[in-house]
Amino acid sequence: MLRCGRVLGQRAAGGVRPPWGGHGGTPRQEGGPSRALRTAAPRGADFFRELGQTLERMGQTLRDQVPAAGSAWGGWLPPGIHPDPRPPDEADVVVVGGGVVGWSVAYWLKVLEGRFRRHGMKVLVVERDPTYSRASTVLSVGGIRQQFSLPENIQMSRFSASFLRDINEHLGVPNEPPIDIQFQPSGYLFLASPEDAAKLEATVQLQRDEGAQVALLSPTQLKEKFPWINTEDVAVASYGLEDEGWFDPWTLLNAFRRKATSLGVHSCRGEVRAFVTTANDPTSSAAESTRIKYVHIYMPDSLEYQPVACSIVVNAAGAWAGKLLEADGLPRRLCQPPLPIQPRKRYVFCWHCPDGPGLSCPFLVDTSGAYFRREGIAGNYLGGMSPPEEEEPDPSDLSVDHDYFQEQLWPRLARRVPSFESLRVQGSWAGYYDYNTFDHNGVLGPHPRLENMFLAAGFSGHGLQHSPAAGRAVAELVIRGRFESLDLRRLGWARLEDGEPLREAGVV
């Protein structure tokens, strides 16, 4: 499995040879003169000959220890010179965050640039971890569904499903192999208790009104279709009939990145920690809004930074989107209320159960909130569960609490699927949700007081599946000044200031 096994950028250095190039002792001189002849030779000649041989060996040793340019180390550089390329001095658009949402924004900007095409819009994507070892995108379980409770989320899911269906028409790169996101069309299955049955039925009607194909199943129908399910306490279930399932997140991220790069998007490794705005200009008067003039991109493991002049900034920093708006140089009075997006740690567990559900296994979401899906065809599964608000784990690292599986998740799984009583855990990992504590929905659109900043974050676990639609929406705002494909105005900042949440009930 990609998430468990991928290690990017591994490097290995060879051992150091002794200065004489052998295995130890005195260097051997084969084919040389006899001892008698060497003794008779002038001492000065022997000394300079041996000195030359020693210097040659020392030179070879140094060449062996210093990696050549273009090697796996990326070439030797003098101390103080960072190996990563420096960001450019200027860009038309700086996208902060190189996850799937950020790269989607960059891709759509180049596709829609239109009147800028003659000279080319310069788009820069900034990512602090190009290995993506802690990225939400590649640490997700890769689901896509139509079953949401908010019309905008259903519409984005339908847009994304159509995009993924024709992914090679959108993201295919000439002379490269076709993209296979390994889509598994097994559908989502939501179970509802008697208390939540009416709410689920109303939500399904909304989904159908938006064009989604969703079936309602009674407990009897549920048992007939999935005989391995314990239907106790289940009043009704909803099952997605099309455009639902799961796919490989890494492949989608790479496809966006490769296509955007082929269209001329620039990228760099670094972290945006500060801004220069018009409010920093001592000659300017106090105003209700300001413009960002420069972003300061700090080099990895360094105090050095590169100021990049820009016209537009897109905040696609995921779980750290709220923290970005607390960076140096942004007036605090203009960034209120704060962006309510925080990193929330979520565990994913892998287990094996040879007698578990077979190929017909859907992406099941239990009445308790526990979820699981099939992983491959050999009796392997992935699953997890979001904890209650008061039991949120510490997000300072990505360590896994294995007791959480034993005490919280396993009992719920085994109750719903009796065969899971004999499962065996094989692995686990943790990833981040860019969690919108206000209403669990993405914030899309312009910042109300930072005139040239646009937001694309806070999706609370459904950013991967909505990335094609979200990226297009932000690109339309930047280039054309309005939403065109989908009307997502209600997902803007205004609801935060008005205190009117758009709650999404279908957060898994």
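Analyst: Helices (H or I, at least four residues) and strands (E, at least two) are DSSP runs, numbered from the N terminus. This is a predicted model: local features need pLDDT of at least 70, side-chain atom pairs need 80 or more, and totals for chains, interfaces and linings use all residues. Residues are numbered from 1 along each chain as its sequence is written, and side-chain values use heavy atoms, without hydrogens or water.

User: Which residue is joined to glutamine 336 by a cis peptide bond?
Analyst: Most peptide bonds are trans. Here omega is about -5°.

User: Is serine 460 buried or exposed?
Analyst: Serine 460 sits in the loop between β18 (453-457) and α12. Its phi is positive, about 55°, although it is not a glycine. Its relative accessible area is 2%, so serine 460 counts as buried (buried is under 20%, exposed over 50%, partly exposed in between; 1.4 Å probe, protein chains only).

User: What is the relative accessibility of asparagine 175?
Analyst: Asparagine 175 lies in the loop between α6 (167-171) and β4 (188-192). Its phi is near 65°, a positive value in a residue other than glycine. Asparagine 175 counts as exposed because its relative accessibility is 83%.

User: At what angle do the axes of α9 and α12 cross?
Analyst: Helix α9 (residues 249-262) and helix α12 (residues 463-480) have axes that come within 11 Å; axes are lines fitted to C-alpha atoms over the stretch in contact, with angles from 0 to 180 degrees between N-to-C directions. Pro249, Leu252 and Phe256 in α9 meet Leu464, Ser467 and Pro468 in α12. The crossing angle is roughly 25°.

User: Which strand pairs with β10 over six bridges?
Analyst: Strand β10 (residues 292-298) has five of its seven residues buried. With β11 (residues 305-315), β10 pairs in the antiparallel sense over five bridges; pairing takes at least two DSSP bridges between strands. The six-bridge pairing is also antiparallel, and there isoleucine 292 partners threonine 277. The strand is β9 (residues 271-277).

User: Which residue in the hairpin of β10 and β11 takes a positive phi?
Analyst: Valine 295 stands opposite valine 308 in β11. The hairpin has six residues between its strands. The phi value is near 55°, and the residue is aspartate 301.

User: What distance separates the C-alpha atoms of valine 214 and leucine 189?
Analyst: Valine 214 lies in strand β5 (residues 214-217). Valine 214 counts as buried, because its relative accessibility is 5%. Leucine 189 is 25 residues away along the chain. The C-alpha separation is 9.7 Å.

Note on methods: Contact means heavy atoms within 4.5 Å.
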